[in-house]
Amino acid sequence: MLTWFRKRSTGHRKAGELYGRVVTQARAPAIYDRHGVADTPEGRYEVLVLHLFLVIERLRGEDQDGAAQGRDLARDLVEVFVEDMDDSLREMGVGDLSVPRKVKKAAAGLYDRTPLYRTALGSKADDSLAEALATSLPAGAGRAVDSAALARYVRLLAAEMARVPVPELVSGTGPLLQPLP
């Protein structure tokens, strides 16, 4: 029984480290400044969900060694995301009674966007991905989201992550995400 707790603790720690790397990438100023995404809680949430989707898809998409590790880490990563949403809402001053409802809505947002992004990313046409991004990402004040540039960025990230073996992602030794173009 103690082995289960130890494995669970290690997986959760790795997921926390990986989540920190995802958040760092999602907070890159260029996404907001150069590409017109609103630098608001809603905009940051949507950009985080986009990056989280890419990492989770990579972890779950492995059919070789490390497939079980990748799926377990993907699950732990979603749990860390939910915990972060809870903590963030409380820090923003959301009332204790409405936090669970809003956290549930935030988690549902990740699951709602997954098929949209998966379908758009599976399409060879950049315009379908650009359209999906334009509908999900809020625009900054007086600007439009440069969804075509963001679609190229997302495809670049997906291609770069596909080259990294899952065991390297799990161990934290492989590069996760790349700088913005």
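## Order of the elements

From the N terminus on, the elements of the protein chain run α-α-α-α-α-α-α-α, a secondary structure that comes to eight helices and zero strands, where helices (H or I, at least four residues) and strands (E, at least two) are DSSP runs numbered from the N terminus. The model is predicted, with local features needing pLDDT of at least 70 and side-chain atom pairs counting only at pLDDT 80 or more, while totals for chains, interfaces and linings use all residues. Residues are numbered from 1 along each chain as its sequence is written, and side-chain values use heavy atoms, with hydrogens and water left out.

Of the 181 residues in the protein chain, 45% are buried, a term that stands for under 20% relative accessible area, with exposed set at over 50% and partly exposed in between (1.4 Å probe, protein chains only). Among contacts between residues at least 6 apart in sequence, 69% join residues at least 24 apart, contact being taken as heavy atoms within 4.5 Å.

## Helices α3 and α7

Helix α3 (residues 41-60) packs with helix α7 (residues 147-162) at an angle of about 30°, their axes being 10 Å apart; axes are lines fitted to C-alpha atoms, for helices over the stretch in contact, and angles run from 0 to 180 degrees between N-to-C directions. That angle makes α3 roughly parallel to α7, on a scale where angles under 35 degrees count as roughly parallel, over 145 as roughly antiparallel, 65 to 115 as roughly perpendicular and the rest as oblique.

On the α3 side, Leu50, His51, Leu54, Val55 and Arg58 meet Tyr153, Val154, Leu157, Ala158, Met161 and Ala162 of α7. By class, this contact of α3 with α7 has nine nonpolar, one polar and one charged residues, with Ala, Val, Leu, Ile, Met, Phe, Trp, Tyr, Cys and Pro counted as nonpolar, Asp, Glu, Lys and Arg as charged, and the others, Gly among them, as polar.

## Val154 in helix α7

Val154, a residue of helix α7, is buried, with a relative accessible area of 2%. Not counting residues up to four places away in sequence, Val154 touches Leu50, Leu54, Leu121, Leu129 and Leu133. The C-alpha atoms of Val154 and Leu50 are separated by 8.5 Å, although the two residues are 104 residues apart along the chain.

## Helices α5 and α6

α5 and helix α6 (residues 126-136) pack at an angle of about 155°, with 8 Å between their axes, and are therefore roughly antiparallel to each other. The crossing of α5 and α6 is left-handed.

The residues that meet here are Arg113, Leu116, Tyr117, Ala120 and Leu121 in α5 and Ser128, Leu129, Ala132, Leu133, Thr135 and Ser136 in α6. They divide into seven nonpolar, three polar and one charged.

## The Phe53 and Tyr117 pair

A search of the whole structure finds two aromatic pairs, where rings of Phe, Tyr and Trp (its six-membered ring) pair if their centres lie within 6.5 Å, and planes under 30 degrees apart count as stacked, over 60 as edge-to-face and the rest as tilted. In one of them, the ring centres of Phe53 and Tyr117 are 5.6 Å apart and the planes stand at 55°, so the pair is tilted. Phe53 lies in helix α3 and Tyr117 in helix α5 (residues 99-122), so the pair ties together parts that are 64 residues apart in sequence; from C-alpha to C-alpha, Phe53 and Tyr117 are 8.0 Å apart in space.

Phe53 counts as buried at 3% relative accessibility, and Tyr117 counts as buried at 1%. Leaving aside neighbours within four places in sequence, Phe53 is in contact with Leu110, Thr114, Tyr117, Arg118 and Leu121.

Ala74 lies in helix α4 (residues 67-91) and is buried, with a relative accessible area of 0%. Beyond its neighbours within four places in sequence, Ala74 is in contact with Ile56, Leu59 and Arg60. Ala74 and Phe53, 21 residues apart in sequence, are 9.7 Å apart in space, C-alpha to C-alpha.

His35 is found in the loop between α2 (29-33) and α3, and this loop residue His35 is buried, with a relative accessible area of 5%. Leaving aside its neighbours within four places in sequence, His35 is in contact with Ala30, Arg143, Ala144, Val145, Asp146, Ala149 and Leu150.

Terms used
Left-handed = near helix turned anticlockwise from the far one by under 90°.
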